Amino acid sequence: MTESNFENRHLLMRNPILAQLGGTALDHLAGASGSLTLRAGDVLFHGGAKADRVFLVLEGRLEVLLDDEAGNRTRMDTAVGPRLLGVC
């Protein structure tokens, strides 16, 4: 296991759901993981994005917003770390 995979595994284990995976499954997930730092106002993904990944919010807060056709914005959810967030 590389140092990066070891760090990813440690970070993934901060989420109670992922921590239950243990063993090989967690090692595989750690090997396929990357990290991303967002600042206030950054967009993680847009509605309709290909649903091919999940995100683990480790620290801070991420708002899930929905813009309608009239340009109105509604907060649908707030993810506070450590929380899994999927693209759907």
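Begin by selecting Arg9 and Asp27: in this predicted model, their side chains make a polar contact at 2.5 Å. Arg9 belongs to helix H1. Is Arg9 buried or exposed? Its relative accessible area is 19%, and since buried means under 20%, Arg9 counts as buried.

Next, select Asn15, which lies in the loop between H1 and helix H2 (16–19). With a relative accessibility of 3%, Asn15 is buried. Display the backbone of the residues that follow in order to see what the side chain of Asn15 reaches. Another is the backbone nitrogen of Leu18, at 3.1 Å.

**The whole protein**

Now zoom out and colour the model by secondary structure. The protein contains three helices and four strands. In sequence order they follow the pattern α-α-α-β-β-β-β. The C-alpha trace spans about 50 × 25 × 20 Å along its principal axes. Of the 88 residues of the protein, 15% count as buried; Arg9 and Asn15, already visited, are buried residues.

**The aromatic pair**

Select Phe45 and Phe55 and show their side chains. A search of the whole structure finds one aromatic pair. How are the rings of Phe45 and Phe55 arranged? Their centres are 5.8 Å apart and their planes lie at 15 degrees, so the pair is stacked. The pair links distant parts of the chain, with Phe45 and Phe55 10 residues apart. Phe45 sits in the loop between helix H3 (23–31) and E1, whereas Phe55 sits in strand E1 itself.

Phe45 is partly exposed, at a relative accessible area of 28%. Phe55, at 18% relative accessibility, counts as buried, because the limit for that class is under 20%.

**Strands E2 and E3**

Move on to strand E2 (61–67) and strand E3 (73–80). These strands run antiparallel and are joined by seven bridges. To inspect one position in this pairing, select Leu65 together with Arg75, its bridge partner in E3. Then follow the chain through the hairpin of E2 and E3, where five residues lie between the strands. Within this hairpin, Gly71 takes a positive phi near 90 degrees.

**The largest pocket**

Finish with the largest pocket, which holds about 1,600 Å³ of space. Which residues lie nearest its centre? They are Leu38, Leu44, Phe55, Leu62 and Leu85, out of 45 lining residues. Phe55 is therefore a point of return on this tour, as the buried residue at 18% relative accessibility that also lies among those nearest the centre of the pocket.

Colouring the lining by element shows where it comes from. Helix H1 (3–12), strand E1 (54–57), E2, E3 and strand E4 (83–86) each supply at least two residues. E2 provides the largest share, with seven residues. Colouring the lining by residue class instead gives 26 nonpolar, 11 polar and eight charged residues.

Technical notes. Residues are numbered from 1 along each chain as its sequence is written. This is a predicted model: local features need pLDDT of at least 70, side-chain atom pairs count only at pLDDT 80 or more; totals for chains, interfaces and linings use all residues. Side-chain values use heavy atoms; hydrogens and water are left out. On a 1 Å grid over the protein atoms alone, a cavity is a set of points where a 1.4 Å probe fits but cannot get out, and a pocket is an open set with protein on both sides within 12 Å along at least five of seven lines; lining residues have an atom within 4 Å of a point. Grid points are joined across faces, edges and corners, and a volume is the space filled by probe spheres set on the points. Ala, Val, Leu, Ile, Met, Phe, Trp, Tyr, Cys and Pro count as nonpolar, Asp, Glu, Lys and Arg as charged, and the others, Gly among them, as polar. Two strands pair if DSSP finds at least two bridges between them. Buried means under 20% relative accessible area, exposed over 50%, partly exposed in between (1.4 Å probe, protein chains only). A polar contact is a pair of N or O atoms within 3.5 Å; within protein, one must be able to donate a hydrogen and the other to accept it, and residues adjacent in sequence count only if both atoms are side-chain atoms. Rings of Phe, Tyr and Trp (its six-membered ring) pair if their centres lie within 6.5 Å; planes under 30 degrees apart count as stacked, over 60 as edge-to-face and the rest as tilted.
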